[in-house]
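Hi everyone, thanks for coming.

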Amino acid sequence: HLLEVHSLIDSTNDHLMRLIPERMSQGRVCLAEYQSAGRGRRGRQWVSPFGSQIYLSMYWYLEQGLAGAMGLSLVTALAVSDAVKNYCDIQVELKWPNDIYLSGVKLAGILIDLEGQALEPSHSVIGIGLNVNMPEESAKSIDQQWTDLKSHTNITIDRDGLCAELISCLWERLLQHRESGLSGMLDEWHKYDIYLNKPVKLLTGERTTHGICRGINNQGALLLDVDGYVKAIYGGEVSLRG
Ligand code: BTN
């Protein structure tokens, strides 16, 4: 892998997106100690203090076009799960489509940027923000409940080692996805799915739908059981029904 490590950058995702015209090599990685404009999903900010977290982006070429991007976030979530399990012996929980939870609160987030067209060779940048050791003063500016790895283990986590594991797990999962899609990963996903068979509400734009979560399908869609009829959902935010 071509790997670059920055002490300061605006956003590791934005950096790799800017390099796309240069014909990047598959799997190129950008890491940073600090992001001045870290981005979360839905236009949110990703609070990115210096020197204690993981901000990682990987470039991935999509030969088959953007149609092949479906499922990338689920595959990435599984890769984060693999890495945290292998390196820290902690099993995370997954929340469709791309959040990683631990003890019911957010541990890591995934942001995928795409450029291209449905059936033309296209580009993706897969960004992962993983809370390793959140400094107290940064915690105050986060607008959602969060946790970090340090709160769940007594050992000091070596971020270099964890990043290496993350890169290798992500690479493996992306190859597996390219070869055989999501089909071989559904069982694993369901094992760690935080909402499986639970009553949830789905927010799509202004609309709220209630149902029971039945996991995901081969396309990476959420299966929502609404009064006994299972619908495949391709976008939106799910949360537990209160
Ligand atoms: C989310 O849950 O909202 C997604 C968060 C993604 C954050 C990561 S940190 C590395 C990469 N660079 C960014 O600007 N964002 C992603």
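So, how many residues surround the ligand, and which are the closest? Keep in mind that this is a predicted model. The ligand has 20 residues around it, and the closest are Ser11, Gly40, Gly109, Gly127 and Gly129. If you sort that shell by class, you get 10 polar, 6 nonpolar and 4 charged residues. Where do they come from? Helix H1 (12-19) supplies at least two residues of the shell, and so does each of strands S3 (54-62), S6 (105-115) and S7 (122-130).

Okay, let's move to the domains. Across the boundary, 12 residues of domain 1 are in contact with 9 residues of domain 2. On the domain 1 side, helix H5 (residues 186-192) gives the largest share, 3 residues. That side has 7 nonpolar, 4 polar and 1 charged residues.

Last stop, helix H4, residues 159-180. Which residues of H4 are buried? They are Leu162, Cys163, Leu166, Ile167, Cys169, Leu170, Arg173, Leu174 and His177. Remember that an α-helix has 3.6 residues a turn, so residues three or four places apart point the same way. Among the elements covering the buried residues of H4 are strand S2 (29-32), S3, helix H2 (72-88) and S7. And just after H4, Gly181 has a positive phi of about 65 degrees.

Technical notes:
Residues numbered from 1 in each chain as written. Predicted model: local features only at pLDDT ≥ 70, side-chain atom pairs only at ≥ 80, totals over all residues. Near = placed C-beta within 6 Å. Helix = DSSP H or I, 4+ residues; strand = E, 2+ residues; numbered from the N terminus. Nonpolar A, V, L, I, M, F, W, Y, C, P; charged D, E, K, R; others polar. Contact = placed C-beta atoms within 7 Å. Expected span 1.5 Å × (residues − 1). Buried ≥ 20, exposed ≤ 12 C-beta atoms within 10 Å, placed from the backbone.
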